[in-house]
Every structure is written in C-alpha cells, then in structure tokens.
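Please keep the sequence and the structure in view while reading.

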Amino acid sequence: MDQREEQEFAEYFAARRDAVRRTAFMLCGDWHRADDLAQTAFVALHRRWRKIRDRGALDAYVRRTLVRAMIDETRRPWRRERSVDELPETVQPDGEVGETVANRSALLDGLRGVPPRQRAVLVLRFLEGLDVAATAEVLKCSEGTVKSQTARGLTALREVLGDALDDLRSAS
C-alpha cells in the first residue's frame, strides 16, 4: 500500500477499534479473546484494503470477518471446553515446588553466562527439542557448527553452574 492508503487505514482503525473490540466481546464474552478477534479482523482488512472499492461497506466487512473469525476459533479443538461438576485432582510434583523453582532459576542464570550463539544452540536443542539438522536450519549454519557449539555450550554451562550442576542432576 502507498502512504495515502496506509493513512486511510490508520484513520479507520483509530476510529473503529473500540467499537470492533466491543462487538467482539459481545460475540465471545471474554476481553482477551475479543482483542484477538479484533486483531484478526483488522489484519484481514489491512490485507484487502486496496481491493475494497466501497469504503462505506468497511464496517460490514469487518463485522463479517469478526464473526467468521469467532466461529473458526470455536471450531478449533483446543477451544472445546466442557463444564464438569467436580474438578479433577491436581497432580502433586515429586519434589517440593521450591526446589523446582530454585533449579530452574539456577539453570536460567547459568544460561545467561553462556555466549549468545552457544546459548541459542542449547535452547533450540534441549529446551525446544530440535535435532541437529533442524537447529542448523534455524540458525542458518552447518550441522557441524551446531555440534561444536553444543559441545562448547555444554562445557561453558558446566563451568558457569559449578556446584549447582549436581543439584540439577539430582532433580531430574
């Protein structure tokens, strides 16, 4: 879009965002979901802004997009919520929550002490669960580089953690 069209869209957005958000809230009953639906509608409008000839029909287009987005969202499997009379029992962790928090904190502090590229490799490999090839693709480097950065990163992490490493090993 050119500058003029961007300005027109920005003016329309500023004038209508609160009304669209209220409409979305009335559709779904949740302000957070309403924000998501309104954003979806405005993104769709922005994509088609050049193709819309009748600027008087913008509100109708946004409303239709909003309703369709809400319907699509309710069809997604993770949105199917069921009401139950009794809440399920909560699973108690094996160790104390305080230990888990302390271990996580020690690990995050340790990762901050690892150089950025090695930290990225460690996070992608071990926290995100990517294999060597996928990590190499994300970082746009060779698999050999990922392997060497992994080895160096683990060594650096061990050095940074020091005595805290034994605590982390016993927790897992």
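Does Gln-118 count as buried or exposed, judged by its relative accessibility? At 11% relative accessibility, Gln-118 counts as buried; the term buried means under 20% relative accessible area, exposed means over 50%, and partly exposed lies in between, with a 1.4 Å probe and protein chains only. The model is predicted, so that local features need pLDDT of at least 70 and side-chain atom pairs count only at pLDDT 80 or more, whereas totals for chains, interfaces and linings use all residues. Residues are numbered from 1 along each chain as its sequence is written, and side-chain values use heavy atoms, with hydrogens and water left out.

The chain as a whole comes first. It contains eight helices and zero strands, where helices (H or I, at least four residues) and strands (E, at least two) are DSSP runs numbered from the N terminus. Read from the N terminus on, the order of elements is α-α-α-α-α-α-α-α. Of the 172 residues in the chain, 27% are buried. The accessible surface of the chain comes to about 12600 Å², and 50% of this surface belongs to carbon and sulfur atoms; such areas come from the Shrake-Rupley method with a 1.4 Å probe, and for residues only the protein chains shown count as cover. Among contacts in the chain with a separation of 6 or more, 57% are between residues 24 or more positions apart, a contact being heavy atoms within 4.5 Å.

Two packed helices are described by the angle between their axes and the distance between the axes. Helix α1 (residues 3-28) and helix α3 (residues 58-75) have axes that come within 11 Å and cross at roughly 35°. Axes here are lines fitted to C-alpha atoms, for helices over the stretch in contact, and angles run from 0 to 180 degrees between N-to-C directions. The crossing of α1 and α3 is right-handed: a crossing has this hand if the near helix is turned clockwise from the far one by less than a right angle, and is left-handed if anticlockwise. On the α1 side, Tyr-12, Arg-16, Val-20, Thr-23, Ala-24, Leu-27 and Cys-28 take part, and they meet Leu-58, Asp-59, Val-62, Leu-66, Val-67 and Met-70 of α3. By class, this contact has ten nonpolar, one polar and two charged residues. Ala, Val, Leu, Ile, Met, Phe, Trp, Tyr, Cys and Pro count as nonpolar, Asp, Glu, Lys and Arg as charged, and the others, Gly among them, as polar.

Helix α1 also holds Phe-25, which is partly exposed, with a relative accessible area of 23%. Not counting residues up to four places away in sequence, Phe-25 touches Asp-30, Trp-31 and Ala-34. Between the C-alpha atoms of Phe-25 and Leu-37, twelve residues apart along the chain, the separation is 8.8 Å.

Leaving aside neighbours within four places in sequence, Thr-135 is in contact with Leu-124, Arg-125, Leu-130 and Val-146.

After α6 comes Lys-140, in the loop between α6 and α7. Lys-140 is exposed, with a relative accessible area of 74%. Most residues other than glycine have a negative phi. Phi of Lys-140, however, is positive, near 55°.

The reading ends where it began, with Gln-118, which lies in helix α5. Not counting residues up to four places away in sequence, Gln-118 touches Gln-149, Arg-152, Gly-153 and Ala-156. Gln-149 lies in helix α7 (residues 143-161) and is buried, with a relative accessible area of 13%. Apart from neighbours within four places in sequence, Gln-149 is in contact with Arg-117, Gln-118 and Val-121. Gln-149 and Leu-122 are 27 residues apart in sequence, and their C-alpha atoms are 8.3 Å apart in space.
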